[in-house]
Amino acid sequence: MLNQLLENTDTIIALATAPGKGAIAVLRVSGPEAITLTNNVFTGKDLTQQASHTIHFGTIRDEGEIIDEVLVSLFKGPNSYTGENVVEISCHGSGFIIQQLVKLFLKQGVRYAKAGEFTKRAFLNGKFDLAQAEAVADLIAADSEAAHQAAMNQMRGGFSRQIAELREKLIHFASMIELELDFSEEDVEFADRSALQTLINELSLIIEKLIASFEVGNVIKNGVPTVIAGKPNAGKSTLLNTLLNEEKAIVSDIPGTTRDFIEDELIIEGIGFRFIDTAGLRETEDRVEAIGVQRTYEKMKKASLIIYLFDINQTSEEELQEQITQLEKLEIPYIAVANKVDLFSEGALPEYLKNHPYILPISASSLNHMEPLKAKLLEIVNLDSFKTGNTIVTNVRHYESLVNTQTALSDVLSAIDEGVTGDFLALDIRNALHHLGEITGEITTDDLLANIFSKFCIGK
Ligand code: GDP
């Protein structure tokens, strides 16, 4: 306990910018002694006498020896990122300078920060709740517009407010029921059971929507795992190259040479598609290829979207039909794409292709043909709920807590139905509250916090 207290009140330092050479690096110091200890080694103004949110030029010296000319930004607690005194030192981005500055602070008793420790302190000091703290990490990791938007909304508290409202309503009922328990001799009912039922149904509906949004949320955060499948030589590598517009996959004329999976991401209108190239779907005697084919099926099962590519010159209508039947068994959304249409003169495409609603004719080597394919990909993923501005759950921990809340709520409903006594009802409601509270961090354990913040980078 004492250790824990000390851990959260000592002064810590870490590099806040990315490691490696840059024009400028920023060192962040946080804790009660941040300003006084910086002042000890700073030559310029007396930093202890300066206002919060000001920047000061000067030098940092180790026993009179100048290490660097720096800019020091001061933030006095509680008006800082962590809620403590914070100093940000902008120095020149040399590894040597950074090392010397950090050493100088360590010599004065400052401790090197652990991963996510600044944000953890911000959480412990009530600067934001747990869901918002987690959004900070998501924001840093966001590499598409959709991921950025979802993280930003969560960091600014959109999701937290919604959870807090749900909790408040439940807490009201829990306290009414607990009041009843105090008067249990008198057999009174303060909490109207049918009003409680209505409320639980309402909450359930909202939580159901949040749970359902995770499917989209997961896609937003991690991209859509997309498999390009098809026989050897169908043009899969070519398609991937054209889509990614660079030579990421090896294109070859020899059937079955693309044995390794090449993963890459393509952002289409803010949504990431993670492409996984495959070794082809052909039944084969060749052992190396066979592993590849087996892996293809495994990958396909993990995908959320399959692009099934076939060479229109080599595929009869019957064969195609057979492949499509196989694909449909997987029950994963797919697009069938007929490749190498450039080898046909205009109007000479097979009849069955012309009117087929699910088959997209393209030439994998032509950039011009990528637009309809991209449009089709977006259409299948269908992120309408994202565009309406509704809250989207992107975090698997939140998703699990919501599922547990939902189970607890249905327990409350059955308890009301069965007419159980107030004390049992109160227990079920408390359980639902517990799981909701886990999301925003009203309910936490040290393990949970350690687990969440250890995934952050150092300096955040
Ligand atoms: P994979 O085995 O499915 O990955 O097929 P590749 O991408 O390696 O392509 C096999 C061969 O088909 C290569 O010679 C490509 O240049 C050729 N190819 C791919 N796409 C097209 C296309 O749209 N039109 C034509 N004419 N040839 C293509």
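1. Two strands pair if DSSP finds at least two bridges between them. Keep that in mind for strand S11. This is a predicted model. In it, six bridges join S11 to strand S12 (residues 334-339), and the two run parallel. Within this pairing, Ile306 stands opposite Tyr334 in S12.

2. How does the chain get from S11 to S12? The path goes through helix H11 (residues 317-329). This β-α-β crossover is right-handed.

3. S11 also pairs with strand S8 (residues 224-229). Here four bridges are found, again in the parallel sense. Look for Thr226, which stands opposite Leu305 in S11.

4. Is S11 enclosed or open to the outside? Strand S11 covers residues 305-311, and six of its seven residues are buried, so the rest of the structure largely encloses the strand.

5. Now the annotated positions. The UniProt record, an unreviewed entry, marks Ser237 and Thr258 as "binding site". Ser237 sits in helix H9 (residues 236-244). Is Ser237 buried or exposed? The cut-off for buried is 20 or more other C-beta atoms within 10 Å. Ser237 has 23 C-beta neighbours inside 10 Å, so this residue counts as buried.

6. Turn to the largest nonpolar core. It has 107 residues. Leu27, Leu101 and Ile429 have the most contacts inside this core. Helix H8 (residues 193-222) gives the core its largest share, nine residues.

7. Take Leu27 as a worked case. Which residues does Leu27 contact, leaving aside its neighbours within four places in sequence? They are Ile13, Leu15, Ala16, Ile89, Cys91, Ile98, Leu101 and Val102. Find Leu27 in the model and trace these contacts.

Terms used. Residues are numbered from 1 along each chain as its sequence is written. This is a predicted model: local features need pLDDT of at least 70, side-chain atom pairs count only at pLDDT 80 or more; totals for chains, interfaces and linings use all residues. UniProt positions are given in the numbering used here, feature names are shortened, and annotations may be inferred rather than shown by experiment. A residue is buried if 20 or more other C-beta atoms lie within 10 Å of its own, exposed if 12 or fewer, and partly exposed in between; C-beta atoms are placed from the backbone. A crossover is right-handed if, with the strands pointing away from the viewer, the path from the first strand over the helix to the second runs clockwise. A nonpolar core is a set of buried Ala, Val, Leu, Ile, Met, Phe, Trp, Tyr and Cys residues joined through C-beta atoms within 7 Å. Two residues are in contact if their C-beta atoms, placed from the backbone, lie within 7 Å.
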